[in-house]
Amino acid sequence: MAQQQQNKMPNAPRGNKPKTAKWIYIVYGVIMVALLFGMFGNGNEAKKTVDWNKLSLILERHDYETITVINQEVAEIRIKKDAIKTHPELYKDLQTQTITGGEGPTGVYTYNIGNYEHFDKELAIIEAKTGEHISYKIETHSNAWRELLIWFGPLLIMIFLFWGMSAYARKQMGGEGGGGFSGLFGFGGSRAKQYDATKQVNVTFKDVAGLAGAKEEVMEVVDFLKNPKHYTELGGKIPKGVLLVGPPGTGKTLLAKAVAGEAGVPFFSMSGSDFVEMFVGVGASRVRGLFDEAKKKSPCIVFIDEIDAVGRARGRNGLAGGNDERENTLNQLLTEMDGFSSTTNVIVLAATNRADVLDKALMRAGRFDRQIYVELPDIEERKAIFAVHMKNLKLNTQEGSEGHVDKDFLAKQTPGFSGADIANVCNEAALCAARKNKKQIEKQDFLDAVDRIVGGLEKRTKVLSDQEKHTIAYHESGHASVSWLLRWANPLVKVTIVPRGKALGAAWYLPEERQITTYEQMFDEMTSLMAGRASEEIVFGRISTGALNDIERATKMAQALVTYYGMSPEVGNISFYDSTGQSEYAFAKPFSEKTAETIDKEVRRMVEEAYNKAKELLTNHREQLDQLAAQLYEKEVLFREDLERIYGPRPWETPEKPEIEEDSETPELSKNTYNPENTTLS
């Protein structure tokens, strides 16, 4: 990954930036010192100060020439030259003062009066003691500049302080922001991080495994940036925006970086949440700043990750008449992408997991001309992704050995895994091998990594009673048996009664990768989900709370069949699903009370039919169920081969259709609260 570096003052000459900034801060410091000195300095720092004890001794000896009281605040006492010569030990601190007129040393003491009336009374006491009158003159000095600084100095200091902090903030955020709040503290400045494609963006399409369809589409964007004249000569226009849509971890951000690396143009990266602040107008200011910087670097790419943070549909927050900062930011983004001042040669790449919530105006042609769907990788793409992430791993590459790491096998074991998930599997496998003090990563380490990611960490320290263990064994055996006996259900790969995470038991199945699903396939999956509870009822005559997750998933599947896919004969070919979430005719409940009752009946009918079918299959194969549960209770972990020895091979699996030994997330068992004294548990 390229290191992130902020764009620093793109308009200033590169050679003059440090020198100019240095002199600005020097001048700023001198002004601050001058203001503070003018406000708090009193001009007397160069004169010797004296306390009252020494001053009273001077007055009693009459060693002074004159006493001047200034503004009733400070008294200046000029010492006689003869006194300095006669008593050098008393006035030794005056020996270093300037000799005036060549007549010998002289000096002036200052005394801070404090309370003038008290000072006058003290002088009267000394007069009564010595019998000599102490005369002094009173002067009034005015300092207009000092008075102005006292009045306006704090304000000037605050202004210079804010200016300095604002300059520092702009420097930290990488240059001058555009408009609005870009001065004070740089709140409105662009927070986009700029990458130099020739030096910092070292990611190309070779580093992006899989995503063949997405790469083919964005390759045209790269060609636009490299050879724009090839298209503009024919009257074509460069697309303004490309929206990458897909599940998390599929490589949308990596694909955007690869586009910048292939095209060799500057790359601005920013998150959608960076536009949003608590201050009104900041988001719109940052949008302006971002596109102002991009125009100066065009042709370039602007990448906005998680654009749904600012691009949500307007008018859906229920706050009528309010000033929504998100809407202001979105309006500015719409204007910058396709308004009167449209940006040229700046392509906006954006990524989101929630394309259904984006505003229609943002999705229209002219703003985001292309929408590229980045889907989860298939088996071949997973193989390529494994190859990328295994480059730096020390693997057992000895073919024929038990621990040989085979990318084809691992790709089959990880259906539904994204690129980020596969990277996590490779890292977790390395950690598993390190915990076992191995010198190489073996096949079992990858399998353990998949198990840990899907099911969680094994908890063998959790104490289960014998009855609870029997119940869990029959529960998981019911799932495994029915999934093996049904044609369209996912056959078993591995089943265990060792607690993992929150589950007391877990099973890994072998799902078939398909693009469409039929009613029969979904119904068989529902039947296998209900098989755990059916097994408990057949064997023990009672049910437990362990089937909570199974029932929840089966119910949601039945609801989808009825309300989304139109697969209920009673409800008909009607779907109540709004794929956009922005329908003009949407309302709270798009069906009548009578239809709602029909939906409830159909959902209940489907779930009960699946449950009854599971009970029928397990009853007819009770002997095999008991054998499987007994082995599972004893060994705690069983595999596909164990199930095949008991039930035999599945008749509809033919050699022409190779088996895909894949893994999937299992129906998770909740904490089992089984009580032998109760006949039924809710």
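Which residues have the most contacts inside the largest nonpolar core?

Tutor: This is a predicted model, in which local features need pLDDT of at least 70, side-chain atom pairs count only at pLDDT 80 or more, and totals for chains, interfaces and linings use all residues. Residues are numbered from 1 along each chain as its sequence is written, and side-chain values use heavy atoms, with hydrogens and water left out.

Val482, Leu492, Met526, Leu628, Leu643 and Tyr647 have the most contacts inside the largest nonpolar core, which has 45 residues. Such a core is a set of buried Ala, Val, Leu, Ile, Met, Phe, Trp, Tyr and Cys residues joined through side-chain atoms within 4.5 Å; buried means under 20% relative accessible area, exposed over 50%, and partly exposed in between (1.4 Å probe, protein chains only). Among the elements that give two or more residues to this core are helix H16 (466-485), strand E12 (492-496), helix H17 (519-540) and helix H19 (593-620). Helices (H or I, at least four residues) and strands (E, at least two) are DSSP runs, numbered from the N terminus. H19 gives the most, with 9 residues.

Leaving aside neighbours within four places in sequence, Val482 is in contact (heavy atoms within 4.5 Å) with Thr527, Ser528, Ala531, Ala614, Leu617 and Leu618. A second, separate core of 28 residues includes Val208, Phe224, Leu244 and Leu255.

Helix H19 also holds Arg605 and Glu602, 3 residues apart, about one turn of the helix. They form a salt bridge, with the closest N and O atoms 2.9 Å apart; the cut-off is a side-chain nitrogen of Lys or Arg within 4 Å of a carboxyl oxygen of Asp or Glu. Glu602 counts as buried because its relative accessibility is 5%, whereas Arg605, at 28%, counts as partly exposed.
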